[in-house]
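Dear colleague,

Please find the structure below, handed over for your records.

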Amino acid sequence: MKFRDGMWLVAEGMRVEYAEEVHDIRETERGLSLLCPTKQIRSRGDTLNLSTLTIDIEAQSEGILSVETTHWAGAINRGPHFDLYPNGRPGIDPKVSKSDRGVTLRSGAVAATVSSGEHAFDIRFHAADGSKELTSLLGRSVGLAYSPAPSNPQQTGDMRDFKHYIFSQTSLAVGESVHGLGERFGAFNKVGQSIELWNADGGTSSDQAYKNVSFWLSSRGYGIFIDHAGRVDLEVGSERTTRVQTSIQGQRLKWYIIYGPTPKEVLRRYSLLTGSPGRVPSWSLGLWLSTSFTTNYDEETVNSFLEGMKERGAPVDVFHYDCFWMKAFTWTDFVFDSEKFPDPKAQIARLKASGLVKKVCVWINPYIAQHGAAFKHAAEKGYLVKRTNGDIWQWDLWQAGMGLVDFTNPEACAWYTQCLNRLLDVGIDALKTDFGERIPTQDVVWFDSSVDPEKMHNYYAFLYNKVAYDTLVERYGEGEAVLFARAACAGTQRFPLQWGGDCESTPEAMAESIRGGLSLGLSGFGFWSNDIGGFEGYPPPWIYKRWVAFGLLCSHSRLHGSNSYRVPWTIDDDDRSEEGCSRTLAKWTALKTSLMPYLYAQALQTVETGMPMSTRAVCLEFPDDPTAWFLDRQFMIGDRLLAAPVFESSGEVEFYLPKGKWTSFFTNEVRNGPGWFREKHGFGTLPLYVRENTILVMGNGATTGAVYDYAQDNEIVLYQTTEGAKTTLVSNDGKTLGTLEVGSDGKLTGTDILKGSWTVNSGGRKAERLGAHAIETI
């Protein structure tokens, strides 16, 4: 939202008032409270007939300060509120000092200094040791606004016809870039964009987002978390090119500045504030198959798909039943279609016993169709959101006459949990928690009357996914719960995993998806997937195969389409050649399987650190490389592998390698960065490079499926390692087995944890393991 018309004019219909000076500084228990009138006070008469803003700056925890701006403090601060410091707030001892520069508040490594200059409004955020200025609030950077503009102050005695806003503008330095704000599919660097944080079911090719997260990361080593669950509008260098403006409708705006100095440290501290990603089970990293949105899920059809996958060398770890496991017009009533599932428990048991699949997932959502078995019960018990006149809130968008589960009602949560438990009773292992974005804000009443319907719009995703995730944890235990969620807000990373929503079957959509995954990873989310081949449309074989390569290098990998299947033989008339879809899928599935010792160790690190496991932005690993902050067509897989998907039918691809030695995983060719490179790839390869000083542990090449003994019959590859290089080996149930480390003699130590026939190779993989790959340097 813009409050000005260029530099000189106020936007039409707006009245804007700015904090013009810090008139008084008061020390509080946790920091400083600033009284900021909206004009400079030069006489006693200036203290009358004007607005003031109170800015409270507080030490929250090591490296984190909060800044809250309030106009009218008597306004009720309705919930819901983000669940902050879910594992407990670390202690901090705020330090206040005075100098010629002004008054400084320190919170560990970060500090804020308020200028003591007469009539000044100047607040600087910087490293506590003075080594680096982060950002600032300067003249006319904090204020309030009315729309429409009142013609005299008496009109504000009745605010029913006015909207009231609070805003702040943090400064942008020369060359500074801004990233994150959820799963956003537009430009990776958000500078120059107007962004509305408001969950929407808008696909991947618009400025809307399923996952709006009120956190952004700066290339200058700090992040900003906006502590407001409702709609947030940002002008990122777009209203004023040198500032990031944050505005909300209301009387108070609170945000946190989180210092690194590295982006990894920023994300680690952010994960302490809003929660770390939950641990995912190793089986979830295997191949998921859904086939399509409209599949008939009778036993014969499902078995034919899974047998076809196994026959073609791409065995499935998780089979997913999408919407039509229930009858049409009944979603979501949690009742299997009796025509397709005469005995769902026995059918699912036979499916698992066949060895064709390890786990089973079903699709759910929080929308309860009027014609389903669940609606009448839920409506009578008060489990659905209501209109202000007492009616059940309903509409016909998506499901005819659908209602919405009211997760502010504890009894509704318990009922929903019971419904999910009945699914788990028949053998369901994971839940695809679809939808949750189109949450009404007008003419609705929630069971918890203290909540603000506007804030519930985004926060609903947190409550919905929490109920589903907690149900799985209660049944299967910590580390065994998996969602496949679409909607999210800050904190929802605690309930993994998320996927990218409805994308088209085009190379442009694949690039959009990567940008979305990169941005979500920089918003504190650790695990992410996408619809391989694209959801909408009919992917040509070349797009399908390139997307397979990208999708199998994400933390989680699922084949899923809308009106067309995603099993490979339907894409290219069952071409069984080496370059066909079936062999391509088999190769990339086998590659991911062989990398599981590395991948699952990285997944466990994600839980500890808050780092995204895959589609990790290169800037997290190389923050001092300016180019890394603009790389939106490639990503890191953990901290040791770099991948660059191919978007051209010719197989040509351009990619960047940061400083250091990088070894091609497929050819052992070594390239020296920093620099841009161009290569041409067949469908069995893409630029996949291993970082120097890496110990890469790979599994037995004969293994199928994601779950096996990660310390048995390993191939261990040393890439330009030096003394002290190390890696952690973990079991498939998340236990740490030990550490492999390069000693002073260049030999590997800690190998007593390895079993069976294992090998150690220096300088790259053995020639017989590489295979024949035609990669052409351009």
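Is His-71 buried or exposed? His-71 is buried, because its relative accessible area is 9%; buried means under 20% relative accessible area, exposed over 50%, and partly exposed in between, with a 1.4 Å probe and protein chains only.

Please note the basis of these values. This is a predicted model, in which local features need pLDDT of at least 70, side-chain atom pairs count only at pLDDT 80 or more, and totals for chains, interfaces and linings use all residues. Residues are numbered from 1 along each chain as its sequence is written, and side-chain values use heavy atoms, with hydrogens and water left out.

The chain as a whole

The chain contains twelve helices and 43 strands. Helices (H or I, at least four residues) and strands (E, at least two) are DSSP runs, numbered from the N terminus. The C-alpha trace spans about 85 × 70 × 45 Å along its principal axes.

Of the 778 residues, 61% are buried. Among contacts in the chain with a separation of 6 or more, 69% are between residues 24 or more positions apart; contact means heavy atoms within 4.5 Å. The accessible surface comes to about 28,300 Å², and carbon and sulfur atoms account for 47% of that surface. Accessible areas come from the Shrake-Rupley method with a 1.4 Å probe, and for residues only the protein chains shown count as cover.

There are 78 positive and 94 negative side chains, and the centres of the two sets lie 2 Å apart. Lys and Arg count as positive and Asp and Glu as negative, while His and the chain ends are not counted. The place of a charge is taken as NZ of Lys, CZ of Arg, CG of Asp or CD of Glu.

His-71 is found in the loop between strand 7 (64-70) and strand 8 (95-99). Its side chain makes polar contacts with the side chain of Trp-72 at 3.1 Å and with that of His-164 at 2.7 Å. A polar contact is a pair of N or O atoms within 3.5 Å; within protein, one must be able to donate a hydrogen and the other to accept it, and residues adjacent in sequence count only if both atoms are side-chain atoms. Beyond four places in sequence, the residues in contact with His-71 include Ser-51, Leu-144, Tyr-146 and Gln-251.

Phe-334 lies in the loop between strand 23 (318-321) and helix 3 (344-353), and is buried with a relative accessible area of 7%. Not counting residues up to four places away in sequence, Phe-334 touches Trp-325, Met-326, Ile-364, Tyr-416, Cys-419, Leu-420 and Leu-423.

Asn-409 is in the loop between strand 26 (403-404) and helix 5 (410-425), and is buried with a relative accessible area of 3%. A polar atom of the Asn-409 side chain lies 2.9 Å from the backbone nitrogen of Glu-411. Leaving aside neighbours within four places, Asn-409 is in contact with Gly-382, Tyr-383 and Phe-447.

Backbone geometry

A cis peptide bond joins Ser-147 and Pro-148, with omega about -5 degrees; Pro-148 lies in the loop between strand 13 (142-147) and strand 14 (163-171). Another cis peptide bond joins Trp-331 and Thr-332, with omega about -5 degrees, and Thr-332 is in the loop between strand 23 and helix 3.

Phi of Trp-398 is near 80 degrees, a positive value in a residue other than glycine; Trp-398 is partly exposed, with a relative accessible area of 33%. Phi of Asp-713 is also positive, near 55 degrees, and Asp-713 is partly exposed at 23%.

Helix 8

Helix 8 (residues 541-551) is largely enclosed by the rest of the structure, because nine of its eleven residues are buried. Among them are Ile-543, Tyr-544, Trp-547 and Phe-550. The buried residues of helix 8 pack against elements including helix 7 (507-521), helix 9 (581-594) and strand 32 (635-637).

With kind regards
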